[in-house]
Amino acid sequence: MSTQTHETAIQRFGSRVSDGVERWMPSPFLFAVVLTYVVFVAGVVVEGASPVAMAQYWRDGFWVLLTFAMQMVLILVTGYALAYHPWVQRFISWLTGLPNDGKQAVVLVGVISMVVAWVHWGLGLIVGAVMAREMGRRANERGLSVHYPLLCVAGYMGMGLTWHWGLAASAPLLMNTPGNVFIEQGVVDGLISTSQTIFHPYTLALVVSGIVYAAIVLYLLAPPAEQSESITEFVAESQLGSATADGGADVADPDAETVGDRIDNSRLLGGVIALTGVALSVWTFVQQGLGALNLNVVNFLFVFLGLALFTRPAAYQEAFSDAVPATSGIILQFPFYAGIIGMMNSSGLSETFAEALVSLSTPTTFPIVAWVTAGIINIFVPSGGGEWTVIGTTILSAANELGVPAGQATIAYAVGDAHTNLFQPFWALPLLGITGIRAREMFGYAVTMLVLLIPFLAVALTVIPY
């Protein structure tokens, strides 16, 4: 029997988009392969590059993200191990017990994801993913009707909205880095401090209003209880388990008899190295403040926080082993996106697209044009910092000619770079690994959020004064 009569217009829109995306969207790996061919052809047709040259650009770029890929693997594995420690599980269990219905559950996960991503995007991505999975698991235990695909999108909202306005935002932090490429090129006269970008009232107003708006949309999108699909529709119940099954419990044998086993399970050895790492991380922040936030610093802290919680090295190693399979998508796909970046940058496609779009702007429409420009480029070059170094010169030069402050131009770009993450599955790979859902099963609602955010962003970027 049809249940469409129980749906609101916005719920119907979300379910229809979800059905279409699930039918047509390829896997994230095939998505990367298709984009590779699209960029290859565009380089030949638009830029006049030879097929041989484009193939060489692709090959030369193929390995440029190796360091970044390893950073992402570590942030996923360390975050996963931390999240599934029994102590952390008890706190998450308390959080996931707060909602009284599916709508509240989706909103809670979305708000947590967006707020934590503002602090640090990598942390927000992992926290959002773990919260989505655990909220789905707890709701299933409580008999609460929660639509798991939308729950996973809620856990991804930090990457789709707030991260590039936050403390670890690539473009704003680069603008405040001495000797950055834009100063060397003479595009800006000096540093653009974070008071003009991240902490400017314009940006803070965008953050607060954006979180409120997105939370309302998530609430309205949540399907009726009779149409909600629980986590067990996407993840086998045998794989849900408890914290113990997921590798979070201290499963190493504390009563091991051999000398080697006793060393592997030594709380003393594990505790000393863990406290050393945590202390060094704290000292880094004492010395450098929040400006020290970067992937390496966060990963270093996560590695030793995890060991501090597990204490026994053998138990921590087992937790790591349980998390590693979730990283397979990152390991396979990052080189392909690196190849795409190589073709976009070396052929000149990125600059050509940016110049064509920015040429259409006026002082009033510039923030919107910068947002759209970044959004389109981000689909092909899903790397906030790398993308900004390529098209930032064009955007900042146009802003200077139109009298738009460099700080506002940077934030307008940042909006677009985050926004189309709701279409591009690249950054969802860690979340897919943790939640156990397939991209096509959740990205219908991600695309729906992308569309429903457009009116808000268009108005907010132009109406909020800088």
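Keep in mind that the model is predicted. It holds one cavity of 30 Å³ or more and five salt bridges. There is also a nonpolar surface patch of about 440 Å².

**The cavity**

- The structure has one cavity that reaches 30 Å³ or more, and the volume of the largest cavity is about 30 Å³.
- If you want to find it on screen, pick out G136, A139, N140, L144, V146, H147, Y148, L151, S230 and I231, which line the largest cavity.
- Two helices, α7 (121-142) and α8 (148-162), each give at least two residues to that lining.
- Helix α7 makes the largest share of the lining, with three residues.
- Sorted by class, the lining has six nonpolar residues, four polar ones and no charged ones.
- One of the lining residues is Y148, which sits in helix α8.
- Y148 has a relative accessible area of 1%, so it is buried, the cut-off for buried being under 20%.
- For a sense of distance, take Y148 and L402: they are 254 residues apart in sequence, and their C-alpha atoms are 46 Å apart in space.

**Salt bridges**

- As a bit of background, side chains of opposite charge can pair when their charged atoms come close.
- Why are E141 and R137 separated by about one helical turn? Because they are four residues apart in helix α7.

**The nonpolar surface patch**

- V208, V212, I216, Y219 and L220 make up a nonpolar surface patch of about 440 Å².
- L220, one of the patch residues, is found in helix α11, which covers residues 201-221.
- Is L220 buried, partly exposed or exposed? With a relative accessible area of 40%, L220 is partly exposed, because that value falls between the 20% limit for buried and the 50% limit for exposed.

- A446 lies in helix α23, which runs over residues 439-463.
- The relative accessibility of A446 is 0%, so it counts as buried.
- A446 and M157 are 289 residues apart in sequence, yet 8.5 Å lies between their C-alpha atoms.
- K103 belongs to helix α6, which spans residues 102-119.
- K103 is partly exposed, because its relative accessible area is 23%.
- From K103 to A215 there are 112 residues in sequence and 9.9 Å in space, C-alpha to C-alpha.

**A loop residue with positive phi**

- Where does T311 lie? T311 is in the loop between α15 (295-310) and α16 (313-323).
- The phi of T311 is near 70°, which is a positive value in a residue other than glycine.
- T311 counts as buried because its relative accessibility is 14%, and buried means under 20%.

Terms used: Residues numbered from 1 in each chain as written. Predicted model: local features only at pLDDT ≥ 70, side-chain atom pairs only at ≥ 80, totals over all residues. Heavy atoms only, no water. Patch = residues over 30% accessible without salt bridge, like charges linked within 9 Å, V, L, I, M, F, W, Y side chains within 5 Å. Areas by Shrake-Rupley, 256 points an atom, 1.4 Å probe, with all protein chains shown as cover. Salt bridge = Lys/Arg side-chain N within 4 Å of Asp/Glu carboxyl O. Buried < 20%, exposed > 50% of the residue type's maximum accessible area, 1.4 Å probe, protein only. 1 Å grid on protein atoms, 1.4 Å probe; cavity = no way out; pocket = protein on both sides within 12 Å on 5 of 7 lines; lining within 4 Å. Points joined across faces, edges and corners; volume = space filled by probe spheres on them. Nonpolar A, V, L, I, M, F, W, Y, C, P; charged D, E, K, R; others polar.
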